[in-house]
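Take a look at the model below.

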Amino acid sequence: MKKTASALAASLALSTLLVACGGGSDETVPAAVAAEATPASLMLEKIGGYSTGLYKVSAAEIPAYDAASKRLFVVNAQAGKVDVLNLSDPTKPTLISQLDASAVLAGAEINSVAVHNGIVAVAIQASPKTAPGRMALYRASDLTLLGSATVGSQPDNITFTLDGKTVLTANEGEPSDDYQIDPEGSISVIDVSNPAAPVVRTAGFGGYTGQEASLRAQGIRIYGPGASASQDFEPEYIAVSADGKTAWVTLQENNAIAKVDIANASVTSVVALGTKDHGLAGNELDASDSDSATINIKTWSGVQGLYLPDSMASYSAGGKTYLVTANEGDARAWGEDNDAYWAGDASKGFVEEFRVKHLINKNGWSGRAGDDLPPQLNTLAAGGLLNPATFGYCGAVAGDPGACRADANLGRLNITWTMGYRQNPDGTPVKFNASGIEDPTGDRLMYDQLYSYGARSFSIWDDNGVLVWDSGSAIEQFLASDDCKLGSARNIPCKDFFNSGHDEGSAKDSRSDAKGPEPEGLAVGTIGSKTYAFVGLERMGGVLVYDITNPQAPTRVDYLNTREDWATVDPSTVLATAGDLGPEGLTFVPANKSPNGKPLLIVGNEVSGTTAVMQINLTY
């Protein structure tokens with residue numbers, strides 16, 4: 001007979017905590033505790049929440065929890081501060097105060113937060129974002145500033161090592177909107193043994209500058225206008241090994257992971273993650289939002305998915321360390337709101353995203369000039385073609401994409417124009433004429449492959465960045481199935497709102513042309529002898545739970561989506577009853593640190609501006 005978690009709450013004394021997505025709960029492990037029982041299964045239940053009342057301004061992003069003070073710290077990007085919530089009653093979180101870092105840095109904007117043993121660490125972005133940022137430490141119980149230090153440009157993620165002695169920040173170093181200033185990306189390794197006097201060392205990428213050709217040959221994306229490797233690398237999120245010796249950092253736009261020696265504050269390797277072949281069974285996707293709102297998950301030969309992971313966590317299995325990534329996908333889109341850029345001034349930005357139907361129009365892409373034609377692309381050629389040897393199955397012939405360009409096929413899919421076209425050894429494009437014949441005087445690019453954003457999946461890698469397992473098309477397949485239900489009551493068919501956007505209602509299939517359900521945030525937690533991954537789907541919403549104890553064979557355990565209104569076209573008009581929209585950051589709270597003695601999952605939802613408290617109900 002199965003027993004509920006409440007019947008065994010006293011035995012839930014220890015739960016290993018491993019967290020990604022910019023924050024996390026207090027990670028201090030008691031010196032001596034009883035062994036924790038291992039559940040047969042689990043189910044998420046929303047038991048509480050807090051709403052800022054603010055819509056689509058990222059008012060609830062990254063959560064982190066302090067067990068001693070029972071305070072929850074949530075990044076409120078709209079305010080540039082951290083909301084401090086009282087979580088002593090997890091069914092009724094209440095706002096206590098806001099943590100404001102403007103005393104540390106004028107114009108401060110807090111991007112990320114982490115907590116360890118009563119100390120809160122925040123990553124602070126400067127104004128402008130290309131200037132050096134700051135890291136600051138506060139006492140969780142009363143928000144007293146303990147110390148701060150200068151770090152790299154745009155620190156976007158912050159985390160502690162398990163012993164709490166070191167803080168790391170991922171300094172993304174994004175360019176200015178016109179791409180005229182492009183700071184170097186880096187990782188700050190900060191000794192916080194004395195919080196009043198943090199000591200910063202920098203793990204940079206200067207050693208990779210000058211090796212761009214070799215790095216590109218390995219599959220690492222380096223493509224910003226005029227950027228060196230050290231400028232182009234944009235650290236996103238950090239995972240740390242249990243022994244505190246190694247960190248891994250996602251370089252999202254570069255489709256790579258960097259490995260960092262913490263003791264020496266040095267980058268020891270940068271590994272390309274490769275691509276996902278959507279032409280293979282098991283890797284299917286729905287590629288169109290304009291096929292009469294039908295669910296059409298199928299293979300598409302010639303389409304390669306770039307993993308481009310956002311968040312990442314690490315965990316141990318069989319004595320080895322594994323990395324878990326949420327493969328969101330992200331395009332560089334700078335200057336997209338500047339009319340001068342679209343009028344042809346390439347000095348005003350850089351946009352890599354383009355729809356397939358415009359890229360491969362047999363008449364060229366001049367018709368998109370002044371609308372959405374990137375001037376850098378227009379400089380390369382006058383149009384693009386599809387290789388019939390690859391895309392003949394959907395109608396491509398020499399000089400004509402045929403039905404491949406149709407909206408119901410590949411036409412609506414957003415891809416990067418920077419990859420996939422045939423190149424000479426020096427990287428310049430091989431030119432073709434409009435008839436599809438190779439011709440040095442031609443003005444067409446030949447696309448042998450098309451590269452889309454994100455893998456619509458989450459993946460497990462070994463500690464050297466070698467792929468161990470990927471969820472393939474399982475997320476979209478599940479969302480299209482009869483088994484999937486939406487709402488706290490789990491009574492709304494997912495397939496009726498398949499691949500919906502988080503800021504629109506009655507929008508079935510609207511995200512299929514982009515990145516689908518868009519896995520972005522994740523947290524990893526161990527309960528007993530089982531390890532679970534909690535994966536947030538940014539666009540479709542909700543949290544998927546997988547048992548990843550065996551990294552070669554994870555299994556889906558649960559899915560809870562606490563969006564309640566799916567029909568109202570503009571969710572902002574029903575914000576109070578819409579539910580949770582756009583999960584961004586997740587943190588796992590083990591039972592022995594939880595305010596109610598049961599494991600919790602806390603989710604920051606950036607679109608609805610809400611923080612959801614989910615109880616993890618265990619069965620044995």
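The largest nonpolar core has 31 residues, and Leu479, Ile548 and Tyr559 touch the most other members. A nonpolar core here is a set of buried Ala, Val, Leu, Ile, Met, Phe, Trp, Tyr and Cys residues joined through side-chain atoms within 4.5 Å. Buried means under 20% relative accessible area, exposed means over 50%, and partly exposed lies in between (1.4 Å probe, protein chains only). Several elements each supply at least two residues of this core, including strands β21 (312-317), β22 (320-326) and β31 (458-462). Helices (H or I, at least four residues) and strands (E, at least two) are DSSP runs, numbered from the N terminus. A second, separate core has 29 residues, among them Leu373, Leu445, Tyr447 and Leu450. In soluble globular proteins, nonpolar side chains tend to be buried together.

This is a predicted model: local features need pLDDT of at least 70, side-chain atom pairs count only at pLDDT 80 or more, and totals for chains, interfaces and linings use all residues. Residues are numbered from 1 along each chain as its sequence is written, and side-chain values use heavy atoms, with hydrogens and water left out.

**Salt bridges**

How many salt bridges does the structure hold? There are 23. A salt bridge is a side-chain nitrogen of Lys or Arg within 4 Å of a carboxyl oxygen of Asp or Glu. Here are some of them.

| Pair | Closest N and O atoms |
|---|---|
| Lys362 and Asp400 | 3.5 Å |
| Asp443 and Arg444 | 2.8 Å |
| Glu518 and Arg511 | 3.3 Å |

Lys362 and Asp400 link distant parts of the chain, 38 residues apart. Lys362 sits in the loop between α4 (356-359) and α5 (375-380). Asp400 sits in the loop between α6 (388-391) and α7 (407-411). Lys362 is partly exposed at 42% relative accessible area, and Asp400 is partly exposed at 28%.

Now take Asp443 and Arg444. Asp443 is partly exposed, at 35%, whereas Arg444 is buried, at 8%.

Salt bridges that share partners join Arg511, Lys515, Glu518 and Arg539 into one network.

**Backbone spots**

Most residues other than glycine have a negative phi, and most peptide bonds are trans. Which residues are joined by a cis peptide bond? They are Ser127 and Pro128, with omega about 5°. Pro128 lies in the loop between β8 (119-125) and β9 (132-139).

Glu518 returns here. Its phi is positive, about 65°, although Glu518 is not a glycine. Glu518 lies in the loop between β34 (492-493) and β35. Leu308 is not a glycine either, yet its phi is positive, about 45°. Leu308 is in the loop between β20 (303-306) and β21. Is Leu308 buried or exposed? Leu308 is buried, with a relative accessible area of 0%.

**A negative patch**

Asp177, Glu336, Asp337, Asp339 and Glu353 form a negative surface patch. Patches are made of residues with over 30% relative accessible area and no salt bridge; like charges are joined within 9 Å, nonpolar side chains (Val, Leu, Ile, Met, Phe, Trp, Tyr) within 5 Å. Asp339 belongs to helix α3 (residues 339-342). Asp339 counts as exposed because its relative accessibility is 65%.

Notes. Areas by Shrake-Rupley, 256 points an atom, 1.4 Å probe, with all protein chains shown as cover. Lys, Arg positive; Asp, Glu negative; His and termini not counted. Charge placed at Lys NZ, Arg CZ, Asp CG, Glu CD.
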